[in-house]
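Dear colleague,

I am passing on to you the structure that follows, together with some notes on what turned up when I went through it. Please read the notes with the structure open beside them.

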Amino acid sequence: MTDIENKDYKKPKMVPYPSDSIVPEQDADKMPVLEARHLGIDFGGLTAVDDFNMMIGRTEIAGLIGPNGAGKTTVFNLLTKVYQPTRGTILLNGEDTAGMNTVKVNKAGIARTFQNIRLFSELSVEDNVKIGLHNQIKCGYISDILRLPRYFRVEREFHERAMDLLDIFDMQQYAGDRAGSLPYGAQRRLEIVRALATNPSLLLLDEPAAGMNPSETAELMDNIRKIRDEFHIAILLIEHDMSLVMGICEGIAVLNYGKIIAKGTAEEIQNNPQVIEAYLGKSTKEGA
């Protein structure tokens, strides 16, 4: 058991899905939130990701791991259409995302955070969350300009919703603070809150524990589970902290040189020879 794993938390049983994938038992009778089929991208003559296949259950906490440079963030960029795939298909809630841009994919249900924090540093914490609410509550130019009653009603709804979301990470007291003045860990949490404000069905977290101490990481694990349970969404995370990955992820895919080399539960991944080799290299005997 990992040092930060919650002893009271029991992962759901993983069961086969009508494909070569596994999903949590509670998702077995539901349409997957995401299916990536034979996904790939080339940059000039370089293949960065090739034949990437992944299925995520509707309430699954999934992990995508691999050595540095394996192509993990590139996969996130493909799923969110920062990059358009060279080949392959991405189905979100059963809908083909071909032709969508980043804005349309976000409205369709995918939100993400980044390796490098991307907040509006000069705006308040609350205003950063409100920006994430842009596609949830509409007002209109006329109401905005003339300050009609609807404008104030929407502003009140924005405020209440933003405070509810900040409450997830116990950050209400920072609502009026400048986002750039927050400690590093709090900025990480704020980025997750802003992503949640877009009302996603799939939340992508790119190294959410980066820069956090063990206590903060343990708290993050609890909050990720809380997000999944309260919002009934799926979460896919990239993370180098193996204690977090093995402690929280139900299904894990391992990427190396742009290709998936293993899929399975935490226990299966930990004991997979290909995964061990990808991270540690070949044994002395094999290299002799």
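The largest cavity in this predicted model has a volume of about 30 Å³, and a search of the whole structure finds one cavity of 30 Å³ or more. Its lining is formed by Arg189, Met212, Glu216, Glu219, Leu220 and Asn223, which by class amounts to two nonpolar, one polar and three charged residues. Helix α7, residues 214–231, supplies the largest share of that lining, with four residues.

The other feature I would point you to is an open sheet of six strands with mixed pairing, in which the strands follow the order β8-β9-β10-β5-β11-β12. At its edges lie β8 (110–112) and β12 (259–264), each of which pairs on one side only, and from one strand to the next the twist averages 20°.

Within this sheet, strand β9 (residues 202–206) runs parallel to strand β10 (residues 234–238), the two being paired over five bridges, and Leu205 has Leu237 in β10 as its bridge partner. Helix α6 (residues 184–196) packs on the sheet, where it touches β8 and β9, and its direction makes about 160° with that of β9. Helix α10 (residues 273–280) also packs on the sheet, touching β5 (61–65), β11 (251–256) and β12, with its direction at about 130° to that of β12.

With best wishes

Notes:
Residues are numbered from 1 along each chain as its sequence is written. This is a predicted model: local features need pLDDT of at least 70, side-chain atom pairs count only at pLDDT 80 or more; totals for chains, interfaces and linings use all residues. Side-chain values use heavy atoms; hydrogens and water are left out. Two strands pair if DSSP finds at least two bridges between them. Axes are lines fitted to C-alpha atoms, for helices over the stretch in contact, and angles run from 0 to 180 degrees between N-to-C directions. Contact means heavy atoms within 4.5 Å. On a 1 Å grid over the protein atoms alone, a cavity is a set of points where a 1.4 Å probe fits but cannot get out, and a pocket is an open set with protein on both sides within 12 Å along at least five of seven lines; lining residues have an atom within 4 Å of a point. Grid points are joined across faces, edges and corners, and a volume is the space filled by probe spheres set on the points. Ala, Val, Leu, Ile, Met, Phe, Trp, Tyr, Cys and Pro count as nonpolar, Asp, Glu, Lys and Arg as charged, and the others, Gly among them, as polar.
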